[in-house]
Amino acid sequence: MARRRYCHVCGAVLPKTATRQRLYCGPACRAQAYRERQATERIGALGRLLLKAVATDDKRLLRRLTCPVCGHMTYAAGSRRRDAKYCSARRRDRAYRRRHRQYGDVKVSGKRAVPTGTTR
């Protein structure tokens, strides 16, 4: 009797006709496993950079690893864009609105910032 094999992500039973190399029940589980591996690599890269910054007392690198809006550690210097400053698009938008609010370029209506000169 053949052993039952299970999907590495969701735990579903793989078909009996599946080859030995097959690990996932379908493309959705394969994609999920890929996303999880990428996140793990980003966290590892951030940890290595953080250890390097602390060991060498590199204030510039520590500042680069910290989001200027919320102060959380960011993956920006990990495996993302080299010039990324913010931890998310939400924080980047918040910084944009703050900068432009100073100069009067953006008027705030309710919760949303609407650039002047545009209509809804």
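Q: Which loop does D57 lie in?
A: This is a predicted model, where local features need pLDDT of at least 70 and side-chain atom pairs count only at pLDDT 80 or more, while totals for chains, interfaces and linings use all residues. Numbering starts from 1 along each chain as its sequence is written, and side-chain values use heavy atoms, with hydrogens and water left out. Helices are DSSP runs of H or I with at least four residues and strands are runs of E with at least two, both numbered from the N terminus. On that numbering, D57 lies in the loop between α1 and α2.

Q: What is the phi of D57, positive or negative?
A: D57 is not a glycine.

Q: With which residue does D57 form a salt bridge?
A: Side chains of opposite charge can pair when their charged atoms come close. A salt bridge requires a side-chain nitrogen of Lys or Arg within 4 Å of a carboxyl oxygen of Asp or Glu, and the structure holds one. In the bridge of D57, the closest N and O atoms are 3.4 Å apart. The partner is K59.

Q: Is K59 buried or exposed?
A: Buried means under 20% relative accessible area, exposed means over 50%, and partly exposed lies in between (1.4 Å probe, protein chains only). K59 has a relative accessible area of 53%, so it counts as exposed.

Q: Which helix gives the most to the positive patch?
A: Patches take residues with over 30% relative accessible area and no salt bridge, joining like charges within 9 Å and nonpolar side chains (Val, Leu, Ile, Met, Phe, Trp, Tyr) within 5 Å. Lys and Arg count as positive and Asp and Glu as negative, with His and the chain ends not counted; a charge is placed at NZ of Lys, CZ of Arg, CG of Asp or CD of Glu. The positive patch is formed by K52, R60, R63 and R64, and R60, which sits in helix α2, is exposed at 66%. With three residues, the helix that gives the most is α2 (residues 59–64).

Q: What accessible area do L50, V54 and M73 have together?
A: L50 belongs to helix α1 (residues 27–56) and is partly exposed, at 30% relative accessible area. L50, V54 and M73 form a nonpolar patch on the surface. By the Shrake-Rupley method with a 1.4 Å probe, where only the protein chains shown count as cover for residues, their area together is about 240 Å².

Q: How many Å away from R91 is the nearest side chain of opposite charge?
A: R91 sits in helix α3 (residues 89–102). Contact means heavy atoms within 4.5 Å; beyond four places in sequence, R91 touches C67, V69, C70 and Y86. R91 is buried yet has no salt bridge. The nearest side chain of opposite charge, D93, is away by 10.0 Å.

Q: How far apart in space are A12 and Y24, C-alpha to C-alpha?
A: A12 is found in the segment before α1 and counts as partly exposed at 30% relative accessibility. Leaving aside neighbours within four places in sequence, A12 is in contact with R5, Y6, C7 and C25. Y24 is twelve residues from A12 in sequence. In space, C-alpha to C-alpha, the two are apart by 8.5 Å.

Q: What pattern does the protein chain follow along the sequence?
A: Of the 120 residues of the protein chain, 19% count as buried. There are three helices and two strands. Read along the sequence, the pattern is α-α-α-β-β.
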